[in-house]
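This briefing covers one protein chain. It moves from a single residue to its surroundings and then to the chain as a whole.

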Amino acid sequence: MNQASHCFGFEKDFVGNWRCIPLCVRRKLDLIGVKLKLSHWLELTQEQRQMLVDWPDELPALNALREHLRLLTRLMAEGMAKDLPIAVDEPWQVLGELPSIVKESARKKSIEISVSQWASLFELERFALCKLARPGHDHHNLDAAFSEMLG
């Protein structure tokens, strides 16, 4: 899996038209500590959105992405994209422990996930499960995510 640009099956309704920020881009934003609002995203051209989807996720490329996003958003109605703390030791980055939020969401759906299953997932998959399971999220893609990632 190319995590940098992979879109999940449950995201298929907006792949190509990019009316929502796909999880592969949201992961890159967390990795560089940038808060890109949906309004920013929607102000970008289709080509600019596709470029962000295709942007590599190696460290030098991610550093360039931060600067690229600052330039792209500096004159937007919302103002320049804000800085956030760079993701370090986030639950989706820790292999040896199943995050309680994912564990509880899986339990509610009668799904068992072991720590070894968790560790075997790609970082993007762990990121997606953590984002989709978090409180306040509508969870409408969570079933599809569990099914797609855990078979």
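In which helix does L142 lie? L142 belongs to helix α8, which covers residues 142-150. The model is a predicted one, and the points below are grouped by topic.

**L142 and its surroundings**

- L142 has a relative accessible area of 2%; buried means under 20%, so L142 is classed as buried.
- Apart from neighbours within four places in sequence, the residues in contact with L142 are S105, K109, L129, L132 and A133.
- K35 stands 107 residues from L142 along the chain, and the C-alpha atoms of the two are separated by 23 Å.

- S105 is part of helix α5.
- At a relative accessible area of 10%, S105 is buried, because the cut-off for that class is under 20%.
- The side chain of S105 reaches the backbone oxygen of I101, with a distance of 2.9 Å.
- Which residues does S105 contact, leaving aside its neighbours within four places in sequence? They are A133, L142 and F146.

**Helix α1**

- Helix α1 spans residues 23-32 and is mostly covered, with 8 of its 10 residues buried.
- The buried residues of α1 are L23, C24, V25, R27, K28, L29, L31 and I32.
- Against which elements do the buried residues of α1 pack? They pack against strand β1 (34-35) and against the helices α2 (38-43), α3 (46-54), α4 (59-73) and α7 (123-133).

- D89 is not a glycine, yet its phi is positive, at about 55 degrees.
- D89 sits in the loop between β2 (82-83) and α5 (100-108).
- Is D89 buried or exposed? Its relative accessibility is 64%, and exposed means over 50%, so D89 counts as exposed.
- S110, another residue other than glycine, has a positive phi near 55 degrees.
- The loop between α5 and α6 (115-120) holds S110.
- S110 has a relative accessibility of 69% and counts as exposed, because this value passes the cut-off of over 50%.

**The chain as a whole**

- The secondary structure consists of 8 helices and 2 strands.
- Along the sequence these elements follow the pattern α-β-α-α-α-β-α-α-α-α.
- The radius of gyration is 16 Å, close to the 15 Å that the globule rule gives for 151 residues, so the chain is as compact as a globular protein of that length.
- The C-alpha trace spans about 45 × 30 × 30 Å along its principal axes.
- Of the 151 residues in the chain, 43% are buried.
- Among contacts with a separation of 6 or more, 64% are between residues 24 or more positions apart.

**Surface and charge**

- The accessible surface of the chain is about 8,000 Å².
- Carbon and sulfur atoms account for 54% of that surface.
- How far apart are the mean positions of the positive and negative charges of the chain? There are 19 positive and 21 negative charges, and their mean positions are 4 Å apart.

Methods
Residues are numbered from 1 along each chain as its sequence is written. This is a predicted model: local features need pLDDT of at least 70, side-chain atom pairs count only at pLDDT 80 or more; totals for chains, interfaces and linings use all residues. Side-chain values use heavy atoms; hydrogens and water are left out. Helices (H or I, at least four residues) and strands (E, at least two) are DSSP runs, numbered from the N terminus. Buried means under 20% relative accessible area, exposed over 50%, partly exposed in between (1.4 Å probe, protein chains only). Contact means heavy atoms within 4.5 Å. A polar contact is a pair of N or O atoms within 3.5 Å; within protein, one must be able to donate a hydrogen and the other to accept it, and residues adjacent in sequence count only if both atoms are side-chain atoms. The radius of gyration is taken over C-alpha atoms; the globule rule is 2.2 Å times the number of residues to the power 0.38. Accessible areas come from the Shrake-Rupley method with a 1.4 Å probe; for residues, only the protein chains shown count as cover. Lys and Arg count as positive and Asp and Glu as negative; His and the chain ends are not counted. The place of a charge is taken as NZ of Lys, CZ of Arg, CG of Asp or CD of Glu.
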